[in-house]
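Good morning, and thank you for making time for this presentation.

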Amino acid sequence: MEPKDYLKDINEIKDMMNKSSRFISLSGLSGILAGVYALIGSAVAYWLVRTSARGYLILDGTIFKLCLLILFLVALFSITTGIILTTIKAKKHGAKIWDSTSKRLVFNFLIPLIAGGLYILIILIQGKYGQTGALMLIFYGLALVNASKYSIGYIRYLGFIQIILGLIATLFPGYGFWLWVIGFGVMHIIYGGWMHFKYDRK
Amino acid sequence: MSIITNINKVFDHRIRLGIMSILMVNEYADFNMLKELLGATDGNLASHTKALEKAEYIKVEKQFIGRKPNTRYSATNIGKAEFKKHINALEKLINKQ
């Protein structure tokens, strides 16, 4: 065998290991859009709270319910967009969207996310909402770090950034909203844009 | 030329390299998953898995999922060790150039 063939062998091995264990079709564009939704959502929430009679948020008002609805809509739109764009991208690459790699990715992503979501819901019911933004950032960050083992790209670092932002928000609860905007809005757009230009546009 | 001895003849084929690579990073893989990832035909893949099984580098388990027969493969400890040796030998050969 020629030395060149050995190099091809090694590349083939690397490629197979990645392809069989990591889901590679995550769309960067969906990250950008998720960030945009988060920015729009937080802008609407900000406007609602500022123009309300009190000018700040309390737990049992209509505005609080509206904010929860906005949050839910942002999540719903982000997930739907993510699924649609990732399906399109996977089809283009001839990859399957629902195979063992994507199943593993989603499963491992959901463990910290659901645990965190339930935790936040429970303490909200108990009337403790000061740390909601921080907790969302921290648990989302942990979910990303956990999922990163099953995908390529740098999701792990996006996760680290979210965790750090979450911890800062814990220290300075007054800035929780703005850190949430940076984490879920700005960071998604930066990360999604970076991935889009790095991997998607070839 | 001591390095050459570590180049394992059993792995000297694209499909076999592929099977071992997949089984190194996955606990197990079934026949269809291997087929899709490697783009091999049934007969071709079957002959290569048989060769690897004969060398005791992979373990074959036949089972039923519902009524469908399902064959799943996993790498044995010997297989993993041999494959690592093989990769190291390949790397050394490349670095030698």
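This is a predicted model: local features need pLDDT of at least 70, side-chain atom pairs count only at pLDDT 80 or more; totals for chains, interfaces and linings use all residues.

How many helices and how many strands are there in chain A? Chain A has seven helices and zero strands, where helices (H or I, at least four residues) and strands (E, at least two) are DSSP runs, numbered from the N terminus.

Residues are numbered from 1 along each chain as its sequence is written, and chains are lettered from A and ligands numbered from 1 in the order in which they are written. The model scores are ipTM 0.78 and pTM 0.76.

Let me begin with chain A. Its elements, read from the N terminus, run α-α-α-α-α-α-α. The C-alpha atoms of chain A fill a box of roughly 80 × 25 × 25 Å along the principal axes. Of its 202 residues, 34% count as buried; a residue is buried if 20 or more other C-beta atoms lie within 10 Å of its own, exposed if 12 or fewer, and partly exposed in between, with C-beta atoms placed from the backbone.

The UniProt record, an unreviewed entry, gives "transmembrane region" for several spans of chain A, including residues 23-48 and 105-125. UniProt positions are in the numbering used here, feature names are shortened, and annotations may be inferred rather than shown by experiment. Residues 23-48 of chain A are 81% helix and 0% strand, with end C-alpha atoms 39 Å apart. Residues 105-125 of chain A are 100% helix and 0% strand, and there the end C-alpha atoms are 30 Å apart.

Now to helix α2 of chain A, residues 28-51. Its 24 residues reach 35 Å from first C-alpha to last, close to the 34 Å expected at 1.5 Å a residue, the expected span being 1.5 Å times one less than the number of residues. Among the buried residues of α2(A) are Gly28(A), Gly31(A), Gly35(A) and Gly41(A).

Helix α4 of chain A, residues 100-125, has 26 residues and reaches 37 Å, close to the expected 38 Å. Where does α4(A) kink? The kink, of about 30 degrees, lies at Leu110(A), shortly before the proline Pro112(A); the bend at a residue is the angle between axes fitted to the seven residues ending there and the seven starting there. Pro112(A) is one of the buried residues of α4(A). Just after this helix, Gly127(A) takes a positive phi of about 85 degrees.

I turn to chain B. Its mean pLDDT is 87, and 94% of its residues reach 70 or more; pLDDT is the predictor's confidence in each residue, from 0 to 100. For residues 15-94 of chain B, the unreviewed UniProt entry lists "domain: Winged helix DNA-binding". That span is 62% helix and 22% strand.

Finally, the contact between the chains. It takes 17 residues from chain B and 13 residues from chain A, two residues being in contact if their C-beta atoms, placed from the backbone, lie within 7 Å. The largest share of the chain B side, seven residues, comes from α1(B). Met24(B) lies in helix α1 of chain B and touches Met17(A), among others. Met24(B) counts as partly exposed because it has 18 C-beta neighbours inside 10 Å.

Technical notes: Lists of a residue's contacts leave out its neighbours within four places in sequence.
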